[in-house]
Amino acid sequence: MKTLLIDMDSVICDLMTEWHRRYNEDYDDNLSVEDLECWQSEKYVKEACGKKIYEYLDQPGLFLNLEPLPNAINVLERLSRKYEILIVTSSRTYAYTEKEKWVEKHLPFIGARNLVFTHRKEMVVGDLLFDDAPHNLIAFSETGRKAVAMNYPYNRNVDVDRVGSWLEFETLIEKFEMGERT
Ligand SMILES: [Mg+2]
């Protein structure tokens, strides 16, 4: 059975909408993920905020209450019947517990036992990585394995396969015939 490594933030969970909502409310701005042409969020926020944009990621309850992205749950449920699924996520110190609880609540068929906290996703054993962060996609594909990007403006220059939704990801996986030995 093949193993799919699946990122959490901005792939399974909609981090950006809630993160930006909190920032926009405090700084009277209208930042959205479509504005982010690169990974450094501090470049797109008001000067008064700057790197404080990352402090929102340490607010209690942020990660616990994120919404799943459309079809993430049902596609993962289908894929979990055919593949080993590991959720691979880099985490802020305070988010570890909230991420575990989120997985237990929304993805009980995967469960926290299949949650891997790491900043080095390319070191994890698995056949394919589905992620949005340019550095993860690049490092993983450099190991010779397939990386698939969830499409966002900030990763569009990364030369990997990309999809715009979970349904597209499911179709792509079927195309790869990851379940078949070739
Ligand atoms: Mg991510």
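Tutor: Helices (H or I, at least four residues) and strands (E, at least two) are DSSP runs, numbered from the N terminus. This is a predicted model, where local features need pLDDT of at least 70, side-chain atom pairs count only at pLDDT 80 or more, and totals for chains, interfaces and linings use all residues. Residues are numbered from 1 along each chain as its sequence is written.

Student: OK, why is strand β1 largely enclosed?
Tutor: Strand β1 covers residues 3-7, and four of its five residues are buried, so the rest of the structure largely encloses it.

Student: Which strands does β1 pair with?
Tutor: Pairing takes at least two bridges found by DSSP between two strands. β1 runs parallel to β2 (residues 84-89) over five bridges, with L5 bridging to L86. β1 also pairs in the parallel sense with β4 (residues 128-131), over three bridges, and there L4 has L128 as its partner.

Student: New topic: what's the phi of S10?
Tutor: Near 70°, a positive value in a residue other than glycine. Most residues other than glycine have a negative phi. S10 sits in the loop between β1 and α1 (15-27).

Student: Is S10 buried or exposed?
Tutor: S10 counts as buried because it has 21 C-beta neighbours inside 10 Å.

Student: And D28, buried or exposed?
Tutor: D28 is exposed, with 7 other C-beta atoms within 10 Å. Its phi is positive too, near 50°, and D28 lies in the loop between α1 and α2 (72-79).

Notes. Buried ≥ 20, exposed ≤ 12 C-beta atoms within 10 Å, placed from the backbone.
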